[in-house]
Every structure is written in C-alpha cells, then in structure tokens.
Amino acid sequence: MRRVVWMLLVAILFGMTGCGGCRSETPQERVARIAAEEERKEEEERKEEEEKEKKAKKKKPPFEIAAPISKPSETEIPISRVKPGHWITVTQLMKSNYTDWGGETTLQVVDSDGKPLPVERTPFNLASSRPVQLAKGRPRQIENLFLVPQTSGSMSVVSRLRQRNHGAEKSRQRALLTKMESYQYFFVVLAKEPNRYTFLKSLDAMLVPQDTENIDSEDLLHYRVLLPEITKQVPLPDNPLCWTTIAYILWDEVDPAQLDRQRREALVDWLHWGGQLVINGPDSLQLLENSFLAPYLPATDGGAQIIRQADVDPMAQFWTRRTSQKKRKALKLARGDWSGIRLNLADGVEHDQGLAASTGGLLVERRVGRGRIVVSRMQLAERDLLTWSPHYDDLFNNGIMRRQPRRWSSGPYGGGRDSLHAEWATASGHQRDAAYVTHHRFFSRDVHDDPNATNWTVVKQGQEGSRDPYGNIIQYGNPALETPFVEKSPVVAGGIGAWNSFSATSNAAREALREAAGVKVPPASFVVACLAVYLVVLVPFNWFFFKALGRVEYAWIAAPLIALAGTVVVVKQAQLDIGFVRAQTEIAVLEIQGDHPHAHLSRYTALYTSLSTTYDLEFDDPTALAAPFPTHADYQLVPGQSRTNVELTQAKKVKLAGLQVSSASTDMLHSEQMILLKGPLVYQKIGTNQWRIANQSELQLKSVCVVKRSDQGNTPRMLGCWVGDLGPRQSMSLSFPPIEEAPFADERRKESARDESLLNLNPLFDLALDPKHIDNGEVRLVGRVDRVLPGVTVEPAAAQVRGAVLVVAHLDRAKFPLPIPDTNSPRDVVTSTRSLPYEAFGQEP
C-alpha cells in the first residue's frame, strides 16, 4: 500500500513538473517574444512602405517643373510669345514631391542645338537666376525673367533647378519660344468677363487688311489680343522694364486690389512712359476711384444715367462724316436706350476738347506723362456699337487707341472684302513700323538716327537694303514680275522698346566711354614733380639727416630704401592717371516724366583693368536689369577666344556676376532701373509768356537748358532758354525766344572749357535737343549731373571712378487735338454685294 502511495505522489509530482515543463516560455521570455514579433512586424511594414515609395518614385520625379509661360499671356493658351531684344517675365509652376527644398532656378536662351545664344556682339552668354523655396507637395508659381537675344533662328529657353551657389542640378526643362514680329504688340484685356471682348480680334485696328502686288498680301497682325481669366492675381509683369511688349490695356470690372504693390507701381510707370489704359466706365469707375489710379483718372462716376439716341448722334455724325453719304451706316439704338453713367470730369479735362469733343462726351481722356487713360460713359461692348462697324472700328482705331488715320483702297485683283488694303493716311509705307503701333518710348532705347530703324520697307530687288538684320535676303511678290520686290526688315528686330545696344543714345554713350576710359599717359609736369621730390629726398635731405646723427655712412644704406619707397609712391599716384590696376567710368541717362516720382536710369559702364579681373555688380533697386554692352559695333571673337557666362540674379538685391575683363583691356555693360527721386522738377506758368522751373530733387543740375517745340504749320520751330546751374531747392524764371539749329552749343562749350575733367556729353545733348526727337508742343529740360548716381556697387572697387549723367525731363506736353477719322471708309471701296464680315458681329441669329 505504501508503495502505491509513493508511486501516486511521484506521478503527481512528475505531472506537476511536466505541466510546468510544457509551458513554452517564462514571463520574461514571453515579453521578449512579443517585442520580437512587433519588431518583425514593423520591419515588414517599413519594407512594404519602402517598396511603395520605390514604386511611387518610379511614377513621380523628385521635382515637377512646368514649362515657363511668359507674362502677359492667355490662360487657356500658355504660349511663350517673345520679342527679340525685350526683357520677358515668365512664371513656372514648381513642386517638390518628397522634401522641403531650397535652391535656385535659372533661365538661359539656347539655339536649336541647345547652345547658349550670346549677348549681341559681346564675348558673353547671359543667364538669369533667382532663389526658390519649395514646401513638400505644395505647388508654387515662381517668377523669373530673361533677355531675348536677337537671332534669326529658332530658340528655346532652358530652365534649371539647382542647389544654392551653383550647386548640383536637380531638374531641367526646355520650352520653345515663339517670336513676334517687330511691329506686333499685346493688347491685354483685364475683364471679369473677358469673352465680352472677343470682338476686338475682328477689328481692322488689330488685324490690318493688306492687298498689294509688291509683297505677300497677308493681313498684318498689329496686336495680339489677350483675354486671360483673372483669378487671384492679374497676369502682368512685376517689373516695369518688362512691360515694353504691352501697348494697350482694357480694364473692365477687375478689382484693383488684385494687383500687388509691384504691379501697381509698374502699371503707373508704364502709363507715364506711353502706356494706354482704356477703362469701361460703367462697370469699373467706382472700383478705381479710391485706388492707386485715382490721381490719374479723367473722370469719376457721377451715378447711373440713361444714354439715348440724342446722346449718340454727335458721335455718329463725327465718325461717319468722311464716308460718302450713300455708304454711311447709321448708329441706331435698336434695342432701346443704353445703360450708362454720368461722368464728373477731373481738373483740366474738358467736354469740348480731344476725344470728348468727337464723341459728345461719351468718351473722355487724360494725359498721364507720355501715356493716357480713356474712360467711357457707355459699355464698350454695347451690341449696337458692334454692329455699327466699320465706323466703330474707325472710332476705336483713331479715337480710343489714338492711332494714325488710315486710307482705304481696293487691291489690284478685285473689289471685295478680301481685296481691302489699308495704309496710314499721312505715312504711307509705315504700316509695319513699330513706331506707329505703340506709344511707349524710352529715350535710351528708342531714339534712332535712321527714320526707318523700326520699319519694314519694300524696295526693288538689287537695291540697297535687301537683307534683314541677320544677312538673309527676303523676296516677296509675283516672280513673274520683271522687277520683283524685296522686303527690307528693320534695323531693330525687336521694334520699339527693345533693349538696344546700337540706338543713337547707346552709340553716343559708347563713344563717350571710349573717349574717357582709355589709358592716359601722365603729363610732363607730373613726371618732373616726382623726379624733383625724389632727388631732394635722396640726396640733400638724406645726407643732412644722417650727418645730424653723426652717421653719414648710413646715408648709403638708406639710398636704396628711399628709392623703393619713392617707386611705391609714384606708382600709387600714377595709377589714377594711367589707369593702373582698375578704373570705372560711367555715362548715364536719367529720364523724368513731369512730376512723376520715378525716373528711368540707364547706365553705360566701362570697366578697365591692368590685370585680369572678374567683376560683380550689385544694384539696390529690385527693378534693375543688366547685361554686357558691346565695346564696338563690329565686335567679333578673336581666334581661340571662347565666350564666358555672366548671371543676373534677382533676389533682395539684383546682382550681375561673372563679368570677366582681360588684362589691360576694357569691357562695358548696360544696366537700367527705375529710381525714386526725392522731389520733382516743377514747371509752372507764372504770367503771360513767363514760366518758372524749380528743382525740388536732390540732383545738382548743370548746363541746364529748357526748350519747347512749337511748330509753325509743317515747319519745326524750337524755342528755348539757357539756365546754367540749377541746384536742389533752386528755381529760375523762364522765357522762350526762338533758338538756332544747334541749341546752346556755345554755352555748353564754354562750360566744358572751364573744367577739362568733365566727361563729354555733347553728343547726347545734341540728341536730346534735336527737334526730330521732341514731340510738337513738348517742353523739355536737358542738363547734366557730374557724378555717378548711387544705387550700384562694383566689386572689386576701382581706384578711379568717374561719371556723368544726362538728365532729360519731359516737363509738359501739348493737349490732345481733336481725333482725325479715316480719310474714307471700307464701305467706300468694297464693291461686292457681300457685307463686311464684322458688320454682322453681334447680330441676333
């Protein structure tokens, strides 16, 4: 029995042990197992996530960069249209897909082979860059700009994304650029409902009918009408120097708050230099009355007012009076009275002058510097107006747009609409002249000795001028003709507003720089003085000094030390005379429009160095643009010479980096910027034939003269007054007697003779005082400032810095004359019974 009990106890013990032994783990082991399982699971999830990321990366690149789109452009048709020689603002949509990223974006124009296109007649290629900061996964619009080279071939712009400080390249895009003709400009519609203005594209003011046997009879597209969708931001450049491709803006019901400060300032600058702003009054004037445009508006909104048939009859009579009685088309308010507004005219705007007088006050205008603003009482897209063409086209061309009146004729092969031909009534042969298409002008870019510098002309084959600016012969017309015609393209391929290294102003500045920036041998007096001082110190002073010390023998030891010191002193003094080490010379042109606070400054800078030097220039103003400037009109690379790259960076300050100047040579650069004056030049009438000019700016003006062009019939007549010095806070009374052909040449010559160190600005004075370059009725001040204006820093600094500024101030302009309608109407010359296409525009189906 006892044995059985022991056996049971052993079995129980073994069973208890066995149960404990059957457990797979201790608590510590269980914790470890769970941790291991979790770690394994996390590893599997990590690998799975990595696999997903790898697959995603195969689908998405690190960066998504859209092609650059020029401003302005249409929203639905993002084509980069550019004009040679103009600075273009572009936007690019950028996104970093995987990380927050900071770096730089660069733009460079290349040819069809991908090679950089150089700056015209210089040994330099130009690229543009700006810093970029991208948040992960968030798209961002990035703006940049570039200078369009003047070339006959196709070109593209290459966009690169790279690490800061010229680091590794992360992305590259290439987009084809579409070149516009020299005479083509933008007509930009800023409207809440842009489709209301599609009729503009059908006006003959935009697409000019042509039919002639001399050249291909394709109609001329003067304006590319852009109808962008206005969303958060208005698609206009933020730099006023990039507005040169825009001739007109039409404004309708767009909130001015949608323009940021830079674009507001740019639009006002554009107006003062010739921009034309057309405002659809009923829907826009109230929005603008308290805006940045308020000081320039010709009228304010006086409340709603019905426009009846009697209100439009004066306008209809004026703009149909040159059309034959039988062919005139009546302006009828077929759908009843128009809704409109009453206009409260601003000071100086009259009902019986200019555009207001020709429209019965339905349209009024006001001058803004060289430009103007037009405001309407009526809806510009009124259906009855659209069906009133071609007379509405006449009103739009000659009144609203203030273009030249036209003469209409039928072509040699028929009398239908397709055979219509238009020429300027008083400027035949200039239908493709950019000077007749845009009113915008910069003195530094758009003054030319050749009256056809911006015009396409037609000559017989074999006559001079049968090649375009790139040397290509262009022949048009009927090959069967015994004397085929050849088309001569303009000297300035970009037309008016192009960044021009060979305008009359640029040529005069270049010659002044070449005259002033050369190496000068020290005069004989300098050599004699140095030698005398050296001999006195070396012999008597040296001997007496050591004799007084009782150590005459030391004079022999001191002699070579004195010689070395003398050499250092002579070299240090002589470097200012012979250009040793570095020298900087600057000729500038400062253009002022009335009392506008911004002035356009064009700098032409020559940099000389005796040792090879790489220069960087930093500009304080964010509007600054800069590029290398040709030293000669016939510049060519020497055998074995290669081009170097310079880069213009747009950041808090603008910087042009990498301008390499070889030993004992001079290179030049051209820069422009808008600067803020501390006060205006005030011109006012104080009595009968008496005026006063007051200098409220910081400029120390010298050699000042004030001239006025007052033609007698077709004969130019110049009036003027010599002022001399006109410092800050000084004023002077003026009178305007007639002056000779070379205004104030003797006075300028006498002032130059008093100080031979003055830089020669006489060729620039001659340009600014030439009546060919002054509008009839304009009052202009011309003077000089004999220093380098602040706003730019050159590194490394030069030992010698010289400069002078020509000041051209447009003080006053003539009032707008009564517009002149076309000499006849298309209805007078179209013999076909088929109606003109645009006459049916807007009619009910």
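1. Starting with the second largest pocket: strand S19 supplies the largest share of its lining, four residues. Strands here are DSSP E runs of at least two residues, helices are H or I runs of at least four, and both are numbered from the N terminus. A pocket is an open set of points on a 1 Å grid over the protein atoms alone, with protein on both sides within 12 Å along at least five of seven lines; lining residues have an atom within 4 Å of a point.

2. Before going on, a word on the model. It's a predicted one, so local features need pLDDT of at least 70 and side-chain atom pairs pLDDT 80 or more, while totals for chains, interfaces and linings use all residues. Numbering runs from 1 along each chain as its sequence is written, and side-chain values use heavy atoms, with hydrogens and water left out.

3. Back to that second largest pocket: 30 residues line it, and Arg 367, Val 368, Gly 369, Asp 812 and Arg 813 lie nearest its centre. Helix H6 (354–359) and strands S19 (363–368), S33 (681–687) and S40 (800–812) each give two or more residues to the lining.

4. His 810 sits in S40. It counts as buried because its relative accessibility is 6%, where buried means under 20% relative accessible area (1.4 Å probe, protein chains only). The side chain of His 810 makes polar contacts with the side chains of Glu 591 (2.7 Å) and Glu 778 (2.5 Å). Such a contact is a pair of N or O atoms within 3.5 Å; within protein, one must be able to donate a hydrogen and the other to accept it, and sequence-adjacent residues count only if both atoms are side-chain atoms. Glu 591 is 219 residues from His 810 along the chain, yet their C-alpha atoms are separated by 7.8 Å.

5. Now the largest nonpolar core, with 53 residues; Phe 187, Tyr 197 and Leu 200 have the most contacts inside it. A nonpolar core joins buried Ala, Val, Leu, Ile, Met, Phe, Trp, Tyr and Cys residues through side-chain atoms within 4.5 Å. Helix H5 gives the most to this core, with five residues. Beyond four places in sequence, the contacts of Phe 187 (heavy atoms within 4.5 Å) include Leu 200, Met 206, Tyr 248 and Phe 396.

6. What about H8? It is largely enclosed by the rest of the structure, because 10 of its 10 residues are buried. Among them are His 391, Asp 393, Asp 394 and Asn 397. Arg 402, which follows H8, has a positive phi, near 55°.

Note on methods: On a 1 Å grid over the protein atoms alone, a cavity is a set of points where a 1.4 Å probe fits but cannot get out, and a pocket is an open set with protein on both sides within 12 Å along at least five of seven lines; lining residues have an atom within 4 Å of a point. Buried means under 20% relative accessible area, exposed over 50%, partly exposed in between (1.4 Å probe, protein chains only).
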